[in-house]
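User: Could you take a close look at one part of this model for me? I'd like the local picture, and then how the rest of the chain looks around it.

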Amino acid sequence: MSAEPSHDVESGPRGGPPPPAVGLTGGIGSGKSTVAAYLKSLGAAVVDSDEISHRLTGPGGGAMGAIRAAFGSGYVTTDGALDRDSMRSLVFADPKARARLESILHPIIRRAADAELARAQGPYALVVIPLLYETRSYLDRLGRVLVVDCPESLQVRRTVARAGLLEDEVRAIMAAQWPRWRRLQMADDVVWNGGEEEGLRAQCDRVHRSYCERALPSSTIPANPRPGR
Ligand SMILES: Nc1ncnc2c1ncn2[C@@H]1O[C@H](COP(=O)(O)OP(=O)(O)OP(=O)(O)O)[C@@H](O)[C@H]1O
Ligand SMILES: [Mg+2]
């Protein structure tokens, strides 16, 4: 028998059902990563689809064989990672190529996220999915959705400052995402990130408490997720 305790206080018996899953979404630069990092520091189990996607498309990542087969070696760097600059140019110019890339990535990301969610330990799992509503690819797994919202002018300013993109480039990305009002209309919970980080943290404290106290619907991971679903 293992010397390890068979359960912990926060998440119940190991090997039991996964904790309830809360989706976190928002437009580019709205503050998703900031909110996720803070909720993680409070105890949420974070499953980050951007991180998973980076890992799968990094050197020797699980998506690279399929990407090489579909697009050729011209989109693969010498160390076996996705050549992000070349692929970004291609998918901006060619919607069919974008659809092809997404049809490769989405099912693999989803399976990896399912696996992380099944292993998650905590009062709830926070699943960060930037294009949650646009792709609808993970909505059926989630008990609730938290949207982080801020004015578009701030999304642009923060993304330009952080990512070194031009304003026009950020606005082009925003034009391909849902507008704020549609996201807000769908949200179960909203945190407003139009002010100081201190105010954002106070709102995060409140939603965290409510997720810990509330009887959230369990996440609905099938025992054996079928590929592509
Ligand atoms: N309330 C705030 N005040 C000042 N700066 C902020 C605030 N919230 C976020 N930021 C900064 O804005 C930038 C974007 O925030 P963050 O990375 O959390 O957004 P995101 O939604 O994850 O972005 P992306 O869509 O690019 O992943 C970061 O540099 C972050 O430190
Ligand atoms: Mg982010």
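Which residues in α4 and α5 meet?

Analyst: A quick note on the ground rules. This is a predicted model, so to speak of local features a pLDDT of at least 70 is needed, and side-chain atom pairs count only at pLDDT 80 or more, while totals for chains, interfaces and linings use all residues. Residues are numbered from 1 along each chain as its sequence is written, and chains are lettered from A and ligands numbered from 1 in the order in which they are written.

Now to your pair. On the α4 side you have Met87, Leu90 and Val91, and they meet Ala97, Arg98 and Leu101 in α5; a contact here puts two C-beta atoms, placed from the backbone, within 7 Å. Sorted by type, the residues of this contact come to five nonpolar, no polar and one charged (nonpolar is Ala, Val, Leu, Ile, Met, Phe, Trp, Tyr, Cys and Pro; charged is Asp, Glu, Lys and Arg; the others, Gly among them, are polar).

Geometry next: two packed helices are described by the angle between their axes and the distance between the axes. Helix α4 spans residues 84–93 and helix α5 residues 95–119; their axes come within 5 Å and cross at roughly 120°. That makes α4 oblique to α5, given that under 35 degrees is roughly parallel, over 145 roughly antiparallel, 65 to 115 roughly perpendicular and the rest oblique. The axes are lines fitted to C-alpha atoms, for helices over the stretch in contact, with angles from 0 to 180 degrees between N-to-C directions.

Stepping back, the protein chain has 10 helices and seven strands, as DSSP runs numbered from the N terminus (H or I with at least four residues for helices, E with at least two for strands). Of its 229 residues, 30% count as buried, meaning 20 or more other C-beta atoms within 10 Å of a residue's own; 12 or fewer is exposed, and in between is partly exposed. Among contacts with a separation of 6 or more, 74% join residues 24 or more positions apart.

(A core is a set of buried Ala, Val, Leu, Ile, Met, Phe, Trp, Tyr and Cys residues joined through C-beta atoms within 7 Å.) Leaving aside residues up to four places away in sequence, leucine 126 touches Val22, Leu24, Ala36, Leu39, Ala44, Ala45 and Val46.

Aspartate 48 lies in strand β4 and is buried, with 22 other C-beta atoms within 10 Å. Beyond its sequence neighbours up to four places away, aspartate 48 touches Ala36 and Val128.

Arginine 183, in helix α9 (residues 180–186), counts as buried too, with 22 C-beta neighbours inside 10 Å. Its contacts outside four places in sequence are Thr25, Tyr133, Val147 and Trp178. Arginine 136, by contrast, sits in the loop between α6 (132–135) and β6 and is exposed, with 9 other C-beta atoms within 10 Å. Arginine 136 also has a positive phi of about 55°, although it is not a glycine.
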